[in-house]
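Let's take a walk through this model together. Have a look at the structure first, then read on.

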Amino acid sequence: MHTLATLLPYLRRHRLPLIVGVLGALADTFLRLVPAYLLGQAINLITANQPQSEVLPYIWWIGLFAVLDGIAVFVQRYMVSLVSRRIEYELRGDFFAHLQTLDSAFYKNLHTGDLMARATNDLNQIRMMLGPGVNGIISTPATFLVTLAFMFGINLKLGLIVLVLMPLVTVVFYLLNGRMRRQYTEVQGQFAELSTRSQENLNSIRVIKAYGQEQAEIKRFAAANALYIKLNLVYVLLSGLLWPLLGMLLGATTAIVLVVGGGDVVTHQISLGQFVQFNLYLAQLGWPMIAMGWTLSLVQQGLASLGRLDEVMRRQPHIYDDPTRLQPATQPISGEIEFKDVTLTYDNLPVLANVSFHVPAGSSLAVVGATGSGKSSLVNLIARVYDPQEGTIYIDGREISAIPLDELRQAIGYVPQDNFLFSVPLRDNVAFGLLDEHSSQQRVVVTARNSTFLPRNSSAANHLPLFHWNVNLDDDPLRALRELSEDQRQRIGDGVEVARLSKDLEQFPQGIDTMIGERGVTLSGGQKQRTAIARAIVRDPAILILDDSLSSVDTGTASEILSGLREVMKQRTSIIIAQRIATVQNADQIILLEDGRIVERGTHMELVALGGRYTAMYRRELLAQELDVEPEVAAGIS
Ligand SMILES: Nc1ncnc2c1ncn2[C@@H]1O[C@H](COP(=O)(O)OP(=O)(O)O)[C@@H](O)[C@H]1O
Ligand SMILES: [Mg+2]
């Protein structure tokens, strides 16, 4: 019940169509009873040999009520489906918006597939619960009770027979349907297993042949295949049983009513018209009784799905704007960075220990060190991808936790080590950070929340019209997002220039508008890195962070990019992580990390003069250059 409470705000917002829908359902319950009554009356008139003119009006009334009932059913179905679709729409939007607030710590432990299942299957189940489910919960018991009351009104004995036998239909459907669902899940699981197995087999067919494992593979496949058919046959048995069993129950009830009631007609205890009326009611009850069983399982599944969605919605980001700490900005971030005794651990694994350094605004810092020494972790702290356990980080003298996340990230151009390009034209990839620039007044505020589902985009659904006749698919709501101003176009051009992409663009079929990824050209590692650099610099950030972003770019181009960057970054702070000392030797200061500690620091000249680890690294690099091998190989030689 607790989970259901989370839906209340959504239901409350759509109460009007919901109430209209329920009224439609109740109207249907009553309207449906009238034709049977009228028919009973007509039959009584006919058996009493009344003239046709007496009987005919009844026929017209029957037609009229059938039409009225049709309208009631339409109103009910339309309204309830409308509400369920809109709530699904809102939940999906809120779920997505919530996912955007969660941080790396959440995503590290969750499978994408699992999240996708919640956003698709579970959301569907919730919609089914809200649509046919809510509908059925109200209308099926109402239909049952009202119809039964009318039946009792005709004849007590016959009514009792129905009261005892018809609920069995609901029970049988509910139990068998539940069993079938579980069986079906197993069938699907085994089918997935079978397809994975055959796919792997086909991919590795050469290895299998080389090892002479064909027979073993055939046996393994046969076993999985046999299990699949067995599971399927159980399902076939269950689904084969369901409808005949229901038919049998309904048929038996009708037969008993016919035998008992038929006798009563013969002995004139009830009229033939009433008896026909009773039988029509009985026939009308069949479907609602089945629907009740279906409704029960829809609600059961819907609640389970709601629980799974709720579980994610309950998660709070660890990193958020804490209103008690925030200090409003007095001026734009200029980019001075200071680390004071910063210590970071991931699940008790120490990654950075007592790291302190100071980068004046407008200067450059280079970070070098072996793989796993903590370089990426260090720069992750600046954009608050993670927060350190100990120590403090300041930007322009402000603690970073006092800076609104949005202001902080707006000031940073970050090229992560594992950068990501979207399957869109190259221009859109470069413009990625600009897409939302014009809406900077209404930025996302990431705060901790107590409520589970907090409807966010709720107002949007209320602005939708009640009826949709058609949808214009050419109407692309994303176009406005993609439109760039003249100034932004200029910046993209400059960014592409600085990242030395122009020459590559000349070779692409549509220049900067060329599609990238699966539906377009495949970029080389270096081209990808340079696109990511262009993306970061078009944002004109106060702080530019390049995490090993030149590793696949040749040394010559790398130094061209860096000298170009020095031009644009004159007033800016830059932090450059690199494997090659050649890339970073012009930096204002260099720190060398080893197992999360700063072991050496200074300018290139100072560090070379020191004759320590940095010098050794540099020598290896120079030697490698001479021998034209990788530095690691050179380490073995020297
Ligand atoms: N998200 C994470 N969760 C747990 N451990 C991590 C995570 N990121 C990095 N590490 C670990 O922290 C250490 C430092 O990693 P990293 O900062 O990526 O080093 P570098 O960039 O110098 O190669 C490594 O031992 C790595 O395995
Ligand atoms: Mg790294």
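Which residues in H5 meet which residues in H7? Keep in mind that this is a predicted model. On the H5 side you'll find Gln76, Val80, Ser81, Val83, Ser84, Arg85, Ile87, Glu88, Leu91, Arg92 and Phe95. They meet Ala119, Leu123, Ile126, Arg127, Leu130, Gly131, Val134 and Asn135 in H7. Sort the residues of this contact by class and you get ten nonpolar, five polar and four charged.

Now for the angle. H5 covers residues 52–101 and H7 covers residues 112–154, and their axes come within 9 Å and cross at roughly 155 degrees. Angles over 145 degrees count as roughly antiparallel, so that's the label for H5 and H7. Their crossing is right-handed.

## Around ligand 1

Next stop: the ligand. The residues around ligand 1 are Lys108, Tyr346, Leu349, Val351, Gly369, Thr371, Gly372, Ser373, Gly374, Lys375, Ser376 and Ser377. Two elements, strand E2 (349–359) and helix H12 (375–382), each give two or more residues to this shell. H12 gives the most, with three residues.

What about the classes? The shell around ligand 1 has three nonpolar, seven polar and two charged residues.

## The whole chain

Zoom out and you can count 24 helices and ten strands in the chain. The radius of gyration is 36 Å, while the globule rule gives 26 Å for 638 residues, so the chain is more spread out than a compact globule. Along its principal axes, the C-alpha trace spans about 120 × 70 × 50 Å.

How values were computed: Residues are numbered from 1 along each chain as its sequence is written. Chains are lettered from A and ligands numbered from 1 in the order in which they are written. This is a predicted model: local features need pLDDT of at least 70, side-chain atom pairs count only at pLDDT 80 or more; totals for chains, interfaces and linings use all residues. A residue is near a molecule or strand if its C-beta atom, placed from the backbone, lies within 6 Å of it. Helices (H or I, at least four residues) and strands (E, at least two) are DSSP runs, numbered from the N terminus. Ala, Val, Leu, Ile, Met, Phe, Trp, Tyr, Cys and Pro count as nonpolar, Asp, Glu, Lys and Arg as charged, and the others, Gly among them, as polar. Axes are lines fitted to C-alpha atoms, for helices over the stretch in contact, and angles run from 0 to 180 degrees between N-to-C directions. Angles under 35 degrees count as roughly parallel, over 145 as roughly antiparallel, 65 to 115 as roughly perpendicular and the rest as oblique. A crossing is left-handed if the near helix is turned anticlockwise from the far one by less than a right angle, and right-handed if clockwise. Two residues are in contact if their C-beta atoms, placed from the backbone, lie within 7 Å. The radius of gyration is taken over C-alpha atoms; the globule rule is 2.2 Å times the number of residues to the power 0.38.
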